[in-house]
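Consider how the side chains of this protein pair up, and what is left on its surface. The account below begins with the charged pairs.

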Amino acid sequence: MEQWTNESVVTDLARQIEQRMTHPYLTRHEIVPAVDMPLLRWMVELIDEESTEQQQLVLATYFAHQALELHDQVKDCPNGSLARQLNVLAGDFASAQFYKILARFPTDFSDRFGRTVQLVNGAKCTLALDDEISVSTWMEANFGLVKTLAELIGQTYLTSYGKQIIEQRATTLHKEQREQLSALLAHAVA
């Protein structure tokens, strides 16, 4: 992995994520997952670390991603169970953090992220319903929000570190899909 020029930014954002997701009910039931540090490091790698505005966009993106991940876990819980209700609640709480931060930005940011959330949800539905999915659908479902963050700040999201994360998370893909993904990433990484 690459050396991080400013790990303190990553650490500070992780602390802010933990603080914002600390709610007595969620904490008591231990429903909020640990901060996904590789994902957070990747997003911080994309930004100007001195920019408070871009740091806030990282937080918003992270909360949107976390909300979607928590809501994805609902399908693995028995109907009517407390675990199911808690996953919905935690996902909604993360989503509220996303919108709370995004409200400080121009409406075109909200519009863009809103469209991305729709695309990510559509891609996730396709993943759930179909075994034969395209690599681009898998990428959209898993990293569409990071791509939107990068586009909004004028960066490419397929960095060397981002490529490593994508490849690590591609274990659910079939062999031929992983090969397609590797070829795609080999040509796309900045």
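In this predicted model, the count of salt bridges comes to 7. One of them joins Arg 41 to Glu 7, with the closest N and O atoms 2.8 Å apart. Arg 41 belongs to helix α3 (residues 37–46) and Glu 7 to helix α1 (residues 7–20), so this pair ties together parts that are 34 residues apart in sequence. Glu 7 is partly exposed, at a relative accessible area of 26%.

An α-helix has 3.6 residues a turn, so residues three or four places apart point the same way. The closest N and O atoms of Arg 15 and Asp 12 are 2.3 Å apart. Arg 15 is partly exposed at 38% relative accessible area, and Asp 12 is partly exposed at 27%.

A salt bridge also forms between Lys 124 and Glu 69, at 3.3 Å from N to O. Lys 124 lies in helix α6 and Glu 69 in helix α4, 55 residues apart. Lys 124 counts as buried, at 13% relative accessibility, whereas Glu 69 is partly exposed at 29%. Together with Asp 72, these two residues are linked in a network of salt bridges.

On the surface, Asp 130, Asp 131, Glu 132 and Glu 176 gather in a patch of negative charge. Glu 132 sits in the loop between α6 and α7 and is exposed, with a relative accessible area of 59%.

Terms used. Residues are numbered from 1 along each chain as its sequence is written. This is a predicted model: local features need pLDDT of at least 70, side-chain atom pairs count only at pLDDT 80 or more; totals for chains, interfaces and linings use all residues. Side-chain values use heavy atoms; hydrogens and water are left out. Patches are made of residues with over 30% relative accessible area and no salt bridge: like charges are joined within 9 Å, nonpolar side chains (Val, Leu, Ile, Met, Phe, Trp, Tyr) within 5 Å. Accessible areas come from the Shrake-Rupley method with a 1.4 Å probe; for residues, only the protein chains shown count as cover. A salt bridge is a side-chain nitrogen of Lys or Arg within 4 Å of a carboxyl oxygen of Asp or Glu. Lys and Arg count as positive and Asp and Glu as negative; His and the chain ends are not counted. The place of a charge is taken as NZ of Lys, CZ of Arg, CG of Asp or CD of Glu. Helices (H or I, at least four residues) and strands (E, at least two) are DSSP runs, numbered from the N terminus. Buried means under 20% relative accessible area, exposed over 50%, partly exposed in between (1.4 Å probe, protein chains only).
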